[in-house]
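Hi,

Here is the structure I promised to pass on.

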Amino acid sequence: MIEPLILSLQVAAITTVLLAAVGIPLSWRLANRHSIAWRVVEALTSLPLVLPSTVIGFYLLLAFAPNSALGQWLISTFDWQLAFSFGGLVIASLVYSLPFMIQPLVMGFRSLDAEQVQAASLMGVSPRKMLWRFAVPATKPYLMRASILCFVHTLGEFGAILMIGGNIPGQTQTLSIALYEKVELLQFSEAHPIALTLITFSLVALLVGHPHIREVRHAQR
């Protein structure tokens, strides 16, 4: 169980960091843009919430398979084979966990005082400085909540990463996939520790984030 645990933690940590780097500026734009085009972008970022993870994994597998045009280009140009690899797990997790980072951040940015934002803009503050020096520090509880949700969700993700990563021990077998394998083999005594580990990590993460969630609720009042 140690190898799947380490692999799951690595994927969850990398996914959370990358999604924060991408999600903060994207959420800022989504919170302050109201055109039809940006509404479409916001809908696309929320699509994984309602779309089965196996569908996402299936199309990612088709896109990055070694015999696909994109897959062949990545292999020939960068020597990257994403299908059935650690990189594939990260890509699938980035796509499927995206709304868990985006939605809390958009909510946080939209809760900011519009008059303060407008005043800073009139004073000549650039959008980049506005984001990193004012918006992000002012919405730390939302960022913490988004990071926790993203980490825990990635830790337990199953369908998308199974489709693109398969079940290769030591390479792509995460905790959720290892649990599935044990249950499929009717090895329930070995499945219990894996399931309890996932429950423990999820509960601890939520308890750690609980004070920040309270701050978010207070900020919404």
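Below is what I found, starting with the whole chain and then going residue by residue.

First, the ground rules. This is a predicted model, so to speak of local features I need pLDDT of at least 70, side-chain atom pairs count only at pLDDT 80 or more, and totals for chains, interfaces and linings use all residues. Residues are numbered from 1 along each chain as its sequence is written, and side-chain values use heavy atoms, with hydrogens and water left out.

**The chain overall**

The protein chain has eleven helices and zero strands. Helices here are DSSP runs of H or I with at least four residues, strands are runs of E with at least two, and both are numbered from the N terminus. Of the 221 residues in the protein chain, 40% are buried. For the burial classes, buried is under 20% relative accessible area, exposed is over 50%, and partly exposed is in between, with a 1.4 Å probe and protein chains only. The protein chain exposes about 12,300 Å², with carbon and sulfur atoms supplying 66% of that; the areas come from the Shrake-Rupley method with a 1.4 Å probe, and for residues only the protein chains shown count as cover.

**Helix 5 and its kink**

Helix 5 covers residues 86-110, and its 25 residues should span 36 Å at 1.5 Å a residue; the end C-alpha atoms are 35 Å apart, which agrees. The expected span is 1.5 Å times one less than the number of residues. There is still a bend in there: a kink of about 50° sits at Ser 97, shortly before the proline Pro 99. The bend at a residue is the angle between axes fitted to the seven residues ending there and the seven starting there.

**Around Thr 15 and Thr 154**

Ser 97 turns up again here. Thr 15 lies in helix 1 (residues 2-32) and counts as buried because its relative accessibility is 0%. Leaving out residues up to four places away in sequence, Thr 15 touches Val 90, Ser 93, Leu 94, Ser 97, Cys 150 and Thr 154. The C-alpha atoms of Thr 15 and Phe 151 are separated by 7.5 Å, although the two are 136 residues apart along the chain. Within its own stretch of sequence, the side chain of Thr 15 reaches the backbone oxygen of Val 11 at 2.7 Å.

Thr 154 is in helix 8 (residues 140-156) and is buried, at 4% relative accessible area. The side chains of Thr 154 and Ser 97 are joined by a polar contact of 2.9 Å. A polar contact is a pair of N or O atoms within 3.5 Å; within protein, one must be able to donate a hydrogen and the other to accept it, and residues adjacent in sequence count only if both atoms are side-chain atoms.

Not counting residues up to four places away, Ser 27 touches Met 101, Ile 102, Leu 105, Val 106 and Phe 109. Leu 18, also in helix 1, is partly exposed at 38%.

**Salt bridges**

How many salt bridges does a search of the whole structure find? Two, where a salt bridge is a side-chain nitrogen of Lys or Arg within 4 Å of a carboxyl oxygen of Asp or Glu. Arg 110 and Glu 42 form one of them, at 3.3 Å from N to O. That pair links distant parts of the chain, with Arg 110 in helix 5 and Glu 42 in helix 2 (residues 36-46), 68 residues apart. Arg 110 is partly exposed at 43%, and Glu 42 is partly exposed at 23%. Glu 190 also forms a salt bridge with Lys 182, the closest N and O atoms being 2.9 Å apart.

**Two loop residues**

Phe 84 has a positive phi of about 60° although it is not a glycine; Phe 84 lies in the loop between helix 4 (69-78) and helix 5. Leu 186 likewise has a positive phi of about 60° without being a glycine, in the loop between helix 10 (175-184) and helix 11 (188-220). Phe 84 is partly exposed at 40%, while Leu 186 is exposed at 62%.

Cheers

Key:
Contact = heavy atoms within 4.5 Å.
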